[in-house]
Amino acid sequence: MDDKKLAIIATKGSLDWAYPPFILASTAAALGYETQIFFTFYGLQLLKKKLALAVTPIGNPGMPMPMGMDKWFPVLGMTLPGMQGMVTSMMKQKMKSKGVASIEELRDLCVEADVKLIACQMTVDLFDMERTEFIDGLEYAGAAAFFEFAGESDICLYI
Amino acid sequence: MDDKKLAIIATKGSLDWAYPPFILASTAAALGYETQIFFTFYGLQLLKKKLALAVTPIGNPGMPMPMGMDKWFPVLGMTLPGMQGMVTSMMKQKMKSKGVASIEELRDLCVEADVKLIACQMTVDLFDMERTEFIDGLEYAGAAAFFEFAGESDICLYI
Amino acid sequence: MDDKKLAIIATKGSLDWAYPPFILASTAAALGYETQIFFTFYGLQLLKKKLALAVTPIGNPGMPMPMGMDKWFPVLGMTLPGMQGMVTSMMKQKMKSKGVASIEELRDLCVEADVKLIACQMTVDLFDMERTEFIDGLEYAGAAAFFEFAGESDICLYI
């Protein structure tokens, strides 16, 4: 299967949606896929040296809340100061206790497996970001360049 | 067109985002596509025997609110206790009045049309779910197994 | 590359998620791709003559807030009346100051580049919308018709 190609467009920047691109990319790479991820819009947050990803249960009605928290804190409670940090921290602990790698570890795994990580230059400019904020080894390119690979891919996912 | 293949990764667990995977899968199956849906992350909620899906207008600015509710209840009002249940109930009534099948019915339709429904075993373990919570006839597998089908698919959608 | 095909299913109706389908479609069209966008669910909002798209920072923890607003207004503050309009307006100004085209302009660009825009007839009926609300030149069709193109596409994205 070593001629297969996976192209991912990663657009989300929250903690929960940070897992899918890295898990799918590292799994595909392990299966012999040539894999590229194009990080654009909020997805650029996943490339920062210092990750500051959070998760909010608001707007996430399918999220199984740990310990039945949804019964104690209905939607209004979720807007209280500190609640987002608390839920984020609980999710990280949950992942760790279950042996799921952290986002940093999954990202390293992708780099080691030769997954090509591409930052969308237009978004970098748009949000006045600096290349020094991001991890080393990235490519910076536009959507047009990414289409060259995506157009030849066997699977192309917009996440 | 009976050699075509559709692969869907279903990751969302809210009422509104429960429709697309089942509608697209049943439509494709009716057109002769071999179809598989891989349910992972919050998407596993769609496989429960007792569905408890809700929809929230928060974080959903494109949602056309029934009866101009958005004018009466701006964002703060949407956080009031009971509001999510009310909006969920209104959406279900709307769908029913328009003759749209319920999620349960659409899911049954997929099963009858031989759409293969696969639950992500890693997520099941992560959230301490039991197989008895889910409908019968599912396959349990990991992302690697799903790639075998997805890599050969004509269309692969991440929902 | 002029035989390539890009199929997009546009399902989101907020201001931020309005950019990806139009940017990706116009980029692909410029590269010679035959491109079709199928607007369904909340995505139909993107086809209205009078766009009323908003963006909410709630449920969007990866959104880099302009001017550090997230430090002044934590989640609860974001629910205050007027806040969504303020953030929407700031995003529009940001885009404009950076020379990014508006959604209307990007949409026009797609039309001029012969991107085929298709409105999901089922959703139009479901939300009791009128064809007069939408821009001219649209096609109205169902998911089954869209699969004919998507099944032959090189890239198919669910946005």
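**Figure 1. Helix H1 of chain C is largely enclosed by the rest of the structure, because nine of its twelve residues are buried.** The view is taken from a predicted model. The helix comprises residues 19-30 of chain C and reaches 16 Å from its first C-alpha to its last, close to the 16 Å expected at 1.5 Å a residue. The buried residues begin with Tyr19(C), Pro20(C), Pro21(C), Phe22(C) and Ile23(C), and they also include Leu24(C), Ala25(C), Ser26(C) and Ala28(C). What covers these residues includes elements of chain C, namely strand S1 (5-10), strand S2 (34-39), helix H4 (103-112) and strand S5 (155-158). Helix H6 (143-150) of chain A is also part of this cover. After H1(C) comes Gly32(C), which has a positive phi near 95°.

**Figure 2. Chain A contains six helices and five strands.** Along the sequence, these elements follow the pattern β-α-β-α-α-α-β-α-β-α-β. Chain A has 159 residues, of which 43% count as buried. Among its contacts between residues at least 6 apart in sequence, 77% join residues at least 24 apart.

**Figure 3. The five strands of chain A form an open sheet with parallel pairing, in the order S4-S3-S2-S1-S5.** At the edges are S4 and strand S5 (155-158) of chain A, each of which pairs on one side only. From one strand to the next, the twist averages 20°. Helix H1 (residues 19-30) of chain A packs on the sheet and touches strand S1 (5-10), S2 and S5 of chain A. The direction of H1(A) makes about 170° with that of S1(A). Helix H6(A) also packs on the sheet, where it touches S1, S2, S3, S4 and S5 of chain A. For H6(A), the angle with the direction of S1(A) is about 150°.

**Figure 4. Strand S3 of chain A pairs with S2(A) and with S4(A).** S3(A) spans residues 116-120 and is mostly covered, with four of its five residues buried. Its pairing with strand S2 (residues 34-39) of chain A is parallel and extends over four bridges. In this pairing, Lys116(A) of S3(A) stands opposite Gln36(A). S3(A) also runs parallel to strand S4 (residues 139-141) of chain A, to which it is joined by three bridges. Here, Cys120(A) has Ala141(A) in S4(A) as its bridge partner. Between S3(A) and S4(A), the chain passes through helix H5 (residues 121-126) of chain A, and this β-α-β crossover is right-handed.

**Figure 5. Chain B has an open sheet of five strands in the order S4-S3-S2-S1-S5, with parallel pairing.** Strand S4 (139-141) and strand S5 (155-158) of chain B each have a single partner strand, so one side of each is left without a neighbour in the sheet. On average, neighbouring strands of this sheet are turned by 20° against each other, direction ignored.

**Figure 6. Strand S1 of chain B is largely enclosed by the rest of the structure, because five of its six residues are buried.** This strand, residues 5-10 of chain B, pairs with S5(B) in the parallel sense over four bridges. Along this pairing, Leu6(B) stands opposite Ile155(B), and Ile9(B) has Tyr158(B) as its bridge partner. S1(B) also runs parallel to S2(B), and six bridges join these two strands. One of the residues involved is Ala7(B), whose bridge partner in S2(B) is Gln36(B). Together, S1(B), H1(B) and S2(B) make a right-handed β-α-β unit.

**Figure 7. Helix H1 of chain B lies across strands of the sheet and packs against helix H4 of chain B.** H1(B), residues 19-30, lies across S1, strand S2 (34-39) and S5 of chain B, and runs at about 170° to S1(B). H1(B) and helix H4 (residues 103-112) of chain B pack at an angle of about 35°, and their axes are 9 Å apart. The crossing of these two helices is left-handed. On the side of H1(B), the contact is made by Phe22(B), Ile23(B), Ala25(B), Ser26(B) and Ala29(B). H4(B) contributes Ile103(B), Leu106(B), Arg107(B), Leu109(B) and Cys110(B).

Key:
Residues numbered from 1 in each chain as written. Chains lettered and ligands numbered in written order. Predicted model: local features only at pLDDT ≥ 70, side-chain atom pairs only at ≥ 80, totals over all residues. Buried ≥ 20, exposed ≤ 12 C-beta atoms within 10 Å, placed from the backbone. Pairing = 2+ DSSP bridges. Right-handed = clockwise from strand over helix to strand, strands pointing away. Expected span 1.5 Å × (residues − 1). Contact = placed C-beta atoms within 7 Å. Axes fitted to C-alpha atoms, helices over the stretch in contact; angles between N-to-C directions. Left-handed = near helix turned anticlockwise from the far one by under 90°.
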